[in-house]
Amino acid sequence: MEFLSDAQASAFGRFTGEPSRADLERFFYLDDADRELISERRGDHNRLGFAVQLGTVRFLGGLLVDPLDVPLLVVDYLAAQLGVSDPSVVKAYSQRATTAREHAREIRQVYGYRDLAESTTEVLRRFVYSRAWTHGEGPNALFEQATAWLRRERVVLPGVTTLVRIVQSTREAAQLDLCRAVVAAGAAKDEGLAGRLHGLLSVGDGDTVSGLELLRAGPTRLSGPALDRALVRAAQVQQLGAGGVDLSGVPAVRVRALARYGMEAKARTLRRLVEPRRTATLVATVAALEAAAVDDALDLFDALMASRVLAP
């Protein structure tokens, strides 16, 4: 299932415990129209079974192979609304599978539930893409958002593998488009920017770490020479030119996520990234590093003034 655990995959479209009181009142409450439709069934077991299937599709977003594979709390709650004194009569509902299937078809028709057709899939992909582009959510969060969207739109849940493929491929497409947008913005500012940034991942003569890792290391001592080094560092980062790249066309939260990864990952890890993600990560990282280097120099200057000049 790629990103889903075995437990998550097996729980998809099923009850994993008793619904909360709020969920019972939201999904399993029967209004007048529901009661009128249910009253057309013959026998308490058919009326209660129909109500169970109706509440199930509202709550889970899909119908169960075994319509009675629901918590007893659900059956009791629906029986109380229908005036069925003995909820156990619902067991007779499963004796005739044809009835349950007919009820399921009627529920889909009357309440407007539909299968995930090609046109609906494209709308779902756009929804997942917009969230992945804007928020950069992980695959599990996007999977939950997609499931909630299907319930809201009254689309019967597809197979778990189908939904996993939709979420995974759409998320990857959004990530690729975002990286391409960052790289294009860098090239528009300076065509030589990518080459300079790639050079930061190599280890210079006499150094033990890459140029990027040297630039990421901020001042650690409170002294005049440390301030000199902080100013040189800020100038070196500014000369790279990433700070002037216009990234207004990319969500700021996504740029920060790329920069955060680039600030923490080792150079060899960044070298292994495929394009355009590697260049996009470097652009975002060095752009953030420019502001951080200036801030570090200013903070160190402020601390020196307070401790070495004003305090004496």
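Close-up 1. At 49% relative accessibility, Arg180 counts as partly exposed, a class that lies between buried (under 20% relative accessible area) and exposed (over 50%), as computed with a 1.4 Å probe on protein chains only. Asp177 is likewise partly exposed, at 29%, and the side chains of Arg180 and Asp177 meet in a salt bridge of 3.9 Å, N to O. A salt bridge here is a side-chain nitrogen of Lys or Arg within 4 Å of a carboxyl oxygen of Asp or Glu. Because Arg180 and Asp177 are 3 residues apart in helix 9, about one helical turn separates them; helices (H or I, at least four residues) are DSSP runs numbered from the N terminus. The model is predicted, so that local features need pLDDT of at least 70 and side-chain atom pairs count only at pLDDT 80 or more, while totals for chains, interfaces and linings use all residues. Residues are numbered from 1 along each chain as its sequence is written, and side-chain values use heavy atoms, with hydrogens and water left out.

**Close-up 2. Further salt bridges, among them Glu275 with Arg278.** The structure holds 12 salt bridges, including one between Glu275 and Arg278, whose closest N and O atoms are 2.9 Å apart. Glu275 is partly exposed at 39% relative accessibility, and Arg278 is partly exposed with a relative accessible area of 23%. Elsewhere, salt bridges that share partners join Glu40, Arg41 and Glu106 into one network.

**Close-up 3. Gln53, a buried residue of helix 4.** Gln53 is found in helix 4, which spans residues 44-60, and counts as buried at 4% relative accessibility. Leaving aside neighbours within four places in sequence, Gln53 is in contact (heavy atoms within 4.5 Å) with several residues, including Leu63, Pro67, Tyr93 and His103.

**Close-up 4. Leu157 in the loop between helix 8 and helix 9.** The loop that holds Leu157 runs between helix 8 (139-152) and helix 9 (160-189), and Leu157 is buried, with a relative accessible area of 13%. Although Leu157 and Val57 are 100 residues apart along the chain, their C-alpha atoms are separated by 9.3 Å. Among the contacts of Leu157, apart from neighbours within four places in sequence, are Phe12, Leu60 and Thr147.

Conventions. Helix = DSSP H or I, 4+ residues; strand = E, 2+ residues; numbered from the N terminus.
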